[in-house]
Amino acid sequence: MDPKSPDFVVVGGGTVGAAIAYGLARNGLSVMLLDEGDIAHRAARGNFGNIWVQGKGHNNPAYADLTRAAANSWASYANELQAETEIDLHFRRPGAFYLCFTHEDFQKRTAMMRAIDRAASVSSPFEILDGSELRKRLAGVGPSIVGATFSPDDGTANPLHLLRALILAFQRRGGAYRPRCKLLSFRPEGMGYTLETTDGVTAGSRIVLAAGLANKELAAIAGINAPVRPVRGQVLVTEKLAPFLDYGTNFIRQTVEGGCIIGESSEEAGFDDGTTLPILRETARRAAQAFPILKHARVVRSWGALRIMTPDGIPVYEESSQLPGVYAVSVHSGVTLAPFHSSALVEKLIQGRLGGDLAPFSSRRFNVQKA
Ligand SMILES: Cc1cc2nc3c(=O)[nH]c(=O)nc-3n(C[C@H](O)[C@H](O)[C@H](O)COP(=O)(O)OP(=O)(O)OC[C@H]3O[C@@H](n4cnc5c(N)ncnc54)[C@H](O)[C@@H]3O)c2cc1C
């Protein structure tokens with residue numbers, strides 16, 4: 001292997017890969033970041049921008065703790081990236097309401113929040129608000145919303161600014177960014193790996209696979225089971241409106257510029273990332289039910305994007321046992337977890353060990369036979 005080969009090749013320049021690449025470069029390592037480009041599915045460019053804590057980690061306290069700790073690091077992370085790049089991430093943490101449309105939903109939500117709270121080690125306060133309490137706290141909410149849970153730990157950021165800042169900060173730290181460069185395959189050679197790409201052959205000592213939905217095939221080359229599947233979300237954006245929503249919610253947020261981003265659908269639609277009228281109509285209907293002011297807002301844009309979903313919705317952080325130094329990272333909540341990916345995960349990658357407190361995120365959990 002060429003002695004000038006980078007310490008790490010990170011595959012996938014979405015929010016996850018870019019956060020890891022930036023963190024590695026910040027630690028003084030030489031890093032190459034490969035990204036297939038616009039023809040690939042790219043969740044990083046279609047997501048909602050919530051830094052979402054409440055309800056995360058039901059039946060998995062380790063995931064609840066990971067999410068809570070990452071969200072608690074977001075303010076300093078946003079400041080750090082802004083200092084590195086002069087890009088404002090529009091990070092805010094006013095807290096968010098999860099709106100319940102039915103009594104059944106409200107009861108289930110309440111029980112789930114209490115169960116997570118009992119099991120988690122990192123504390124995260126929350127409130128349960130019935131309809132009348134909710135209306136005192138959240139101006140403009142519709143009369144049919146039966147209640148909500150509120151967490152002061154939830155926040156929002158502009159996901160496109162985040163991605164741009166991560167890649168710029170990575171480059172300013174000396175990282176080599178190679179867009180429109182798709183990894184085709186890789187194999188061990190000498191003390192590292194040879195990688196075959198659409199842009200020629202390259203090499204690196206270690207490889208981090210963070211290629212979103214492509215991780216399933218790429219990780220299999222290293223014998224890692226990363227059974228991610230696409231789950232489509234459809235999103236609407238309204239025209240710019242006068243500020244009316246000071247908080248986040250589970251499916252509507254008003255951006256700094258005034259437009260509302262609205263989306264909550266979750267569909268098994270294969271690799272089709274288009275939009276459909278029935279889903280968009282239902283999304284708009286529920287948005288107007290939640291905030292009647294939206295009834296007359298014009299929709300200016302809509303899109304579909306594919307979530308990167310593991311069978312249990314929990315991240316995969318795994319090192320290959322067949323090819324040491326090859327790691328797979330598959331995550332749905334890449335915005336929320338970005339501070340973790342740039343720091344604590346990077347420290348573990350540098351040490352070359354993903355065990356310990358990351359053991360619950362091993363993909364070996366999918367290998368357990370069903371009784
Ligand atoms: C509708 C929707 C809403 C969401 N809302 C939120 C939210 O509110 N909060 C939150 O935290 N998360 C949210 N997410 C999830 C979030 O978008 C992802 O976790 C995030 O984008 C990170 O994903 P990623 O980097 O793993 O994948 P992607 O963003 O898909 O990036 C993968 C990258 O890998 C590249 N690639 C693929 N194959 C190859 C290859 N062979 N060689 C080189 N490069 C390759 C692609 O070009 C792509 O850029 C949402 C997702 C969706 C779809």
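**Notes on the ligand shell, domains and a helix pair**

1. The ligand is surrounded by 42 residues, of which the closest are Gly12, Gly14, Gly212, Gly233 and Gly334; a residue counts as near if its C-beta atom, placed from the backbone, lies within 6 Å. The model is predicted: local features need pLDDT of at least 70, side-chain atom pairs count only at pLDDT 80 or more, and totals for chains, interfaces and linings use all residues. Residues are numbered from 1 along each chain as its sequence is written.

2. Two or more residues of the shell come from each of H1, strand E2 (31-35), strand E13 (229-238) and strand E17 (299-309), and E17 gives the most, with four. Helices (H or I, at least four residues) and strands (E, at least two) are DSSP runs, numbered from the N terminus.

3. Domain 1 (8-47 + 160-226 + 314-367) and domain 3 (229-309) both contribute to the shell, so the ligand lies between them; the domain bounds come from an automatic or database assignment. The centres of these two domains, taken over C-alpha atoms, are separated by 29 Å.

4. Nine residues of domain 1 are in contact with ten residues of domain 3, contact meaning that C-beta atoms, placed from the backbone, lie within 7 Å.

5. The axes of H1 (residues 15-26) and H9 (residues 344-351) come within 9 Å and cross at roughly 65°, where axes are lines fitted to C-alpha atoms over the stretch in contact and angles run from 0 to 180 degrees between N-to-C directions. Ile20, Gly23 and Leu24 of H1 meet Leu345, Val346 and Leu349 of H9.

Conventions: Contact = placed C-beta atoms within 7 Å.
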